[in-house]
Amino acid sequence: MQLLRLELRGFKSFADKTIVKFSPGMTAIVGPNGSGKSNITDAMRWVLGESNVRNLRGQRSEDVIFAGTEKRKPVSTAEVTLVFDNSDGQLPVERAEVAVTRRLYRTGESEFFINKQACRLKDIHLLLADTGLGKDSMAIIGQNRVDAILNSKPEERRLIFEEVAGIARFKLNKEEALRR
Ligand code: ATP
Ligand code: MG
C-alpha cells in the first residue's frame with residue numbers, strides 16, 4: 001500500500017494549505033533545522049490517531065494548531081489528510097484512494113473523516129488495524145521510540161507482535177462488542 005499524499009492546513013508550522021506528494025522512489029525529506037521535517041511526521045502520526053500530545057512534541061492538544069508568528073496571526077483550526085492508494089483493496093473500503101482526515105478546532109472540538117464522511121476516531125483505528133499503519137504501529141518510529149521498544153515489558157512488546165501478526169483488528173472489534 002502506497003502513501004499518495006499528505007495535506008496539511010493550519011498544522012504546526014504549516015499555516016497555509018500544503019501538499020506533500022509521495023512519488024514512487026521518494027526516500028527522504030531534507031531541509032534546514034526548524035524547517036518542519038519532523039512536523040510532517042507529527043502530522044502523519046496525528047491523523048493516524050495519536051492521542052498523546054507529548055509524542056507530537058507538544059504540551060496541550062491545541063499545540064498542533066498554527067500558533068502564529070511575528071508576521072502572521074494564529075489560525076483557529078488544524079486539519080491533516082493522509083491519502084492512501086487502495087487499488088490493491090487492502091483497506092476494507094471500495095475506493096481506489098482512501099483519505100483519512102483529522103480536524104481540531106481551538107475550542108477543543110475534533111472531527112474525523114474517512115473519504116470526507118464523518119466518522120469516529122475508532123473507525124480510523126479499525127480501518128488501519130493490521131495494515132502496519134495503525135496507532136502505535138512500527139511504520140513511524142520516533143527517535144525516542146527505539147529505546148522504548150528495547151526497554152519495554154513483555155506485555156507491551158506483545159501488543160507490537162499482535163499488530164504485526166494481524167490480530168489487532170479482532171481485539172478492537174471484540175472490545176467494542178463486549179461494551180454493547
Ligand atoms: P530539525 O532539523 O532541527 O529536526 P525540523 O525540520 O524537524 O528541524 P520541526 O521540528 O519540524 O523542524 O519544526 C520546528 C518548527 O515548527 C519550529 O520553528 C516551531 O516554532 C514550529 N512550530 C511547531 N509548532 C508550531 C505551531 N503550533 N505553530 C507555529 N509554528 C510551530
Ligand atoms: Mg526534526
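This is a predicted model: local features need pLDDT of at least 70, side-chain atom pairs count only at pLDDT 80 or more; totals for chains, interfaces and linings use all residues.
Which residues does Asn39 touch, not counting residues up to four places away in sequence?

1. Residues are numbered from 1 along each chain as its sequence is written, while chains are lettered from A and ligands numbered from 1 in the order in which they are written.

2. Asn39 touches Lys12, Ser13 and Phe14, leaving aside residues up to four places away in sequence (contact: C-beta atoms, placed from the backbone, within 7 Å). Asn39 sits in helix H1 (helices, H or I, of at least four residues, and strands, E, of at least two, are DSSP runs numbered from the N terminus).

3. Asn39 is partly exposed because it has 18 C-beta neighbours inside 10 Å (buried means 20 or more other C-beta atoms within 10 Å, exposed 12 or fewer, partly exposed in between, with C-beta atoms placed from the backbone). Pro32, in the loop between E2 and H1, is exposed, as 7 other C-beta atoms lie within 10 Å.

4. Helix H1 spans residues 37-47, and its buried residues include Ile40, Trp46 and Val47. Among the elements covering the buried residues of H1 are strand E1 (2-9) and strand E3 (77-85).

5. Now to the ligand: Asn39 is also one of the residues that come nearest to ligand 1, together with Asn33, Lys37, Ser38 and Ala67 (near: C-beta atom, placed from the backbone, within 6 Å).

Terms used. Two residues are in contact if their C-beta atoms, placed from the backbone, lie within 7 Å.
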